[in-house]
Amino acid sequence: MSLPYQEKLIPRAKELRKNATKQEKHLWYDFLCRYPVRFQRQKTIDHFIADFYCNAAKLVIEIDGSQHYDEQGLARDKERTAILSEYGVEVLRFSNLDIDRNFEGVCKVIDLTVRKRIQWLAVTLPQSPDGDSPLKEGALTRPQGKSLPL
């Protein structure tokens, strides 16, 4: 099942991809773009644009700047997380400072969360009539043959 999105947000998502923050670029180019499970950048979901989205794990990763930590930003993020959770999507949030000062730790948290989510989804999602899991066997393998051990 694909997630709903507003088509009018696609040009903005493309613009955000071109003008990524330093921390978004670091996470993308130094970890997520080569991660064995596919992530998308600036993915439109409902009326939001998520920084990063992994469909196989139903996981959103947000890199938050200072605007997310005032009262209004915290309220918006809480609402956004609640709506995304209605779609079965988990949200991981990291600050710019987390990326700058603890990049390896951030990557470990993402890796662990992806692995747990994929295992959980494989057990909880309904099976297809032929008994196959909705997650294709190749979901954990990149074309180069590098697999993600679970």
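**View 1. Cys-33 and Cys-54, two cysteines in a predicted model.** Cys-33 has a relative accessibility of 22% and therefore counts as partly exposed, since the range for buried residues ends under 20%. Cys-54, by contrast, is at 0% relative accessibility and so counts as buried. The structure, which is a predicted model, holds zero disulfides.

**View 2. The chain as a whole, given as background to the close-ups.** Five helices and four strands make up the elements of the chain, and their order from the N terminus on is α-α-β-β-β-α-β-α-α. Of the 150 residues in the chain, 41% are buried. Among the contacts in the chain with a separation of 6 or more, 64% are between residues 24 or more positions apart.

**View 3. The stacked rings of Trp-28 and Phe-52.** The structure holds three aromatic pairs, and the pair in this view is one in which the ring centres lie 6.1 Å apart while the planes meet at 10 degrees, so the pair is stacked. The angle is what decides the label here, because planes under 30 degrees apart count as stacked. Trp-28 belongs to helix H2, which covers residues 22-30, and Phe-52 belongs to strand S2, which covers residues 48-54, so the pair ties together parts that are 24 residues apart in sequence. Trp-28 is buried, with a relative accessible area of 14%, and Phe-52 is also buried, with a relative accessible area of 1%.

View 4. A pair of aromatic rings is described by the distance of the centres and the angle of the planes.

**View 5. Gln-42, a residue with a positive phi in strand S1.** Although Gln-42 is not a glycine, its phi is positive, at about 50 degrees. Gln-42 is found in strand S1, which is made up of residues 40-45. Its relative accessibility is 5%, so Gln-42 counts as buried.

**View 6. Lys-58, a residue with a positive phi in a loop.** Lys-58 is not a glycine either, and its phi is likewise positive, at about 50 degrees. The place of Lys-58 is in the loop between S2 and strand S3, the latter spanning 59-64. With a relative accessibility of 17%, Lys-58 counts as buried, because the term applies under 20% relative accessible area.

**View 7. Asp-77 and its polar contact with Arg-93.** Asp-77 lies in helix H3, which comprises residues 71-86. At a relative accessibility of 8%, Asp-77 counts as buried. The side chain of Asp-77 makes a polar contact with the side chain of Arg-93, at 3.5 Å.

How values were computed:
Residues numbered from 1 in each chain as written. Predicted model: local features only at pLDDT ≥ 70, side-chain atom pairs only at ≥ 80, totals over all residues. Heavy atoms only, no water. Phe/Tyr/Trp six-rings, centres within 6.5 Å; stacked < 30°, edge-to-face > 60°. Helix = DSSP H or I, 4+ residues; strand = E, 2+ residues; numbered from the N terminus. Buried < 20%, exposed > 50% of the residue type's maximum accessible area, 1.4 Å probe, protein only. Contact = heavy atoms within 4.5 Å. Disulfide = S-S within 2.5 Å. Polar contact = N/O pair within 3.5 Å; in protein donor to acceptor, adjacent residues only side chain to side chain.
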